[in-house]
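Trainee: I am new to reading models like this one. Could we go through some of the labels together and see what lies behind them?

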Amino acid sequence: METKDIEILIQKFALQNAYKHGSVPQAGAVTGKLLGTHPELKPHAKELMPIVQKVLADIGGMSPDEIKAKLAEIAPELIEELSVKKEVRRGLPQLDTSMLKPGQKVTLRIAPNPNGPPSLGNARGIIVNSEYARMYDGVFIMRFDDTDPSIKRPMVEAYTWYVEHANWLGCPPDKVVAASDRLPLYYEQAEKLIDLGKAYVCTCDNEVFHDLKEAGKPCPHRETSPAENMEKWKKMLAGGYGGKEAVLRIKTEIAHKDPAMRDWVAFRIVTEPHPKTGTKYMVWPMLDFESAMEDHFLNVTHIIRGKDLMKTADKQKYIYRYLGWEYPHVSHWGRVRLLGFGKFSTSVMKKGIEAGEYKGWDDPQLPTVAALKRRGIEPEAIRNVMINMGVTETDIEFSMDTLYAENRKIVDPKVNRYFFVPDPVVLTVNGAPAMTAKAPLHPQDHKRGFREMCVGENPEILVAKSDADNAKPGDILRLKDLYNVRITATEPLAGDYIGNDLSVLKQGAKIVQWVTREGGVPTRVVGPEGEYHGVAECGIRNELNNVVQFERFAFVRIDTINGVVLAYYTHP
């Protein structure tokens, strides 16, 4: 095979890898693909490396659009190959579509309660349902189950937050519905059930009905005629009953083996105003009824819900049978326990914010999508880990390290590097000449440019206190991308300039990040486990809203630049 042909092959495989992952591939990945498809080249593996490195260097200077265009030009079949593989994403099993009618689209929904912004747990539902809709060219609906204004009181802002964060996650809903806007639809269906003799108004005291239900005995209102029930229902709607004085029940099987199934409540009276509708309505549906209605009228074909809600379908199927409807296909998944965050419910987070424990819903201590976004986590990373979890009834323990590892794969090839010195200590360097240090913005992509840091004679250099505390006379510190210093004293910290020979690293010299005393920018890094105060290179002033890597420290997102630079901790 001619060298030119080999180079074209390498270019194809490297472009496909870069297009698939959104970053410049590792040389080993490209070489492995090449040798796997052309084993006759294995004896020449060493000779191939310079060609691979040249191709990767060229790709490093291309934008994602340029990569896609070039791949489409020289190997469109490799784009097709990826498209076919995307049809079934790793971790997501195929949906059962055998029940679909001709022309019927796969339709899924996410049904949050808008009492706060989406958490990482909510993101799982958004992503998986959206991805299934995408896989089957279907419909993804965001439906707000906001019919409980007394206990899970909705927040007006949360309706917008959910849509915005779904869009940010790359999961824009095809349709957005709020249940609180659709009460007349529920009332209409309730009256149909009353006319059918399948629903009745119950005015029993809660304790009285509980005792009857547990005993498998009907309440005295169960056999009331439809006409009389309709009168009582209209009285409920007109405000003729106080709170807890009357409910509308669905007639099921009073002797059912599971007491929870026996004549369950469909509507109750709530006197508190609703944040969206005010006091317009006072008869509100329970979630089981509202959800049953919406899944039918929104033409939902597939439901994915927690395994703790397995009884929900059994309850709702009574309504579907009475009204002659077809129930959607249901899958269940287990709970996800988020390691490292403790138990965080929306109500707990809200109380913490109100108490001043957290600074807002995007506080880095919280497992909200807003917090992850502010910290610089990529939406693609969140999507990947959620899809890879799959849909299984097995409970899952999820470590944030998994998300961090996925995010690191995405950001590492594209973010710039800078020095940050936490808890800075002055190191006086004696005998050092004036010079300009040149450090690459990215170690694998020198085309991106270099940071230049001017250092005067016998300078005062800032190093991290942790590095200073571990230094003792005679130790050699390698000031990264600058020169070597032999420590002569520790209180105060001082050392002698001993040149720029990298061979000191073989003698055990420690590499440390540094900033000149006069050339640094005061910087505060806020993270899940606390704050770090220090000094960073002045170049970070050009990185507002970008994720960067503070070398030997962490990836961070530069949030604000106003005197002291504020950065949010992304991950190690």
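Mentor: Gladly! A helix here is a DSSP run of H or I with at least four residues, numbered from the N terminus. Keep in mind that this is a predicted model.

Trainee: What makes residues 120-135 count as helix α6?

Mentor: α6 has 16 residues, and the cut-off is at least four, so the run qualifies as a helix. From first C-alpha to last, α6 reaches 22 Å, close to the 22 Å expected at 1.5 Å a residue. After α6 comes D137, with a positive phi near 50°.

Trainee: Why is α6 called mostly covered?

Mentor: A residue is buried if its relative accessible area is under 20%. In α6, 13 of the 16 residues are buried.

Trainee: Why is N299 called exposed, and what is N545 called?

Mentor: Exposed means over 50%. N299 has 52% relative accessibility, so N299 counts as exposed. N545 has 45%, so N545 is called partly exposed. Each has a positive phi without being a glycine: about 60° for N299 and about 75° for N545. N299 sits in the loop between α11 and β8, and N545 in the loop between β24 and β25.

Trainee: How do you know that β17 and β22 pair?

Mentor: Pairing needs at least two bridges. Two bridges join β17 to β22, so the pair qualifies. These strands run antiparallel, and L462 stands opposite V515 in β22.

Terms used. Residues numbered from 1 in each chain as written. Predicted model: local features only at pLDDT ≥ 70, side-chain atom pairs only at ≥ 80, totals over all residues. Heavy atoms only, no water. Expected span 1.5 Å × (residues − 1). Buried < 20%, exposed > 50% of the residue type's maximum accessible area, 1.4 Å probe, protein only.
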